[in-house]
Amino acid sequence: LMLDFAIIGGGPAGLTAGLYATRGGLKNVTMFEKGLPGGQITQSSEIENYPGQLEVVTGMELMDKWPEQCQKFGLKHDMNEVTKVTKNGETFQITLGNGDNVE
């Protein structure tokens, strides 16, 4: 499987990368995150220093709508752990925890 863009990690940075990539016109964009999207911030009990966030919220509340918005524009979520990334010429091969490989 050849991807246009691969994202490793599903926290705020990974989801933002996915949103910009899909909105920018890339069609085959996959985010590899072995758990639910949102990342470590979802474990925070109080977020009060995030840009644009005026009220104190939990990490779960902050990240609640992010995955839905990204998927609306075509971001795919693959719940697999990335175990290895290898550069092969101009492409990268990603090895997943289930043994599959993608480029």
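# A tour of the predicted chain

Residues 24 or more positions apart account for 51% of those contacts in the protein chain that have a separation of 6 or more, a contact being heavy atoms within 4.5 Å. This is a predicted model, in which local features need pLDDT of at least 70 and side-chain atom pairs count only at pLDDT 80 or more, while totals for chains, interfaces and linings use all residues. Residues are numbered from 1 along each chain as its sequence is written, and side-chain values use heavy atoms, with hydrogens and water left out.

**Whole chain.** Begin with a cartoon of the protein chain, whose C-alpha atoms fill a box of roughly 45 × 30 × 20 Å along the principal axes. The protein chain has three helices and six strands, arranged along the sequence as β-α-β-α-α-β-β-β-β; helices (H or I, at least four residues) and strands (E, at least two) are DSSP runs, numbered from the N terminus. Of its 103 residues, 33% count as buried, where buried means under 20% relative accessible area, exposed over 50%, and partly exposed in between (1.4 Å probe, protein chains only).

Next select residues 5-8, 29-32 and 76-78, which are the strands S1, S2 and S3. They form an open sheet in the order S1-S2-S3, with parallel pairing, and two strands count as paired if DSSP finds at least two bridges between them. S1 and S3 stand at the edges with a single partner strand each, so one side of each is left without a neighbour in the sheet. From one strand to the next the twist averages 25 degrees. Four bridges join S1 and S2 in the parallel sense, and phenylalanine 5 can be found opposite valine 29 in S2.

**A salt bridge.** Show the side chains of lysine 34 and glutamate 81, which meet in a salt bridge at 3.9 Å, N to O; the term requires a side-chain nitrogen of Lys or Arg within 4 Å of a carboxyl oxygen of Asp or Glu. The pair links distant parts of the chain, 47 residues apart, with lysine 34 in the loop between S2 and helix H2 (59-63) and glutamate 81 in the loop between S3 and S4. Lysine 34 is exposed, with a relative accessible area of 56%, whereas glutamate 81 is partly exposed at 41%.

**The antiparallel sheet.** Move on to the open sheet of three strands in the order S4-S5-S6, with antiparallel pairing. Here S4 (82-88) and S6 stand at the edges, each with a single partner strand, so one side of each has no neighbour in the sheet. S5 and S6 run antiparallel and are joined by two bridges, with threonine 95 opposite asparagine 101 in S6. In the loop between S5 and S6 (101-102) select asparagine 98, which is partly exposed with a relative accessible area of 44%. The C-alpha atom of asparagine 98 is separated by 41 Å from that of glutamate 55, 43 residues away along the chain.

**A nonpolar patch.** Finally, select phenylalanine 92 in strand S5 (residues 91-96), a partly exposed residue with a relative accessible area of 44%. Together with Ile8 and Val85, Phe92 makes a nonpolar surface patch of about 280 Å². Patches are made of residues with over 30% relative accessible area and no salt bridge, like charges being joined within 9 Å and nonpolar side chains (Val, Leu, Ile, Met, Phe, Trp, Tyr) within 5 Å; accessible areas come from the Shrake-Rupley method with a 1.4 Å probe, and for residues only the protein chains shown count as cover.

How values were computed
Axes fitted to C-alpha atoms, helices over the stretch in contact; angles between N-to-C directions.
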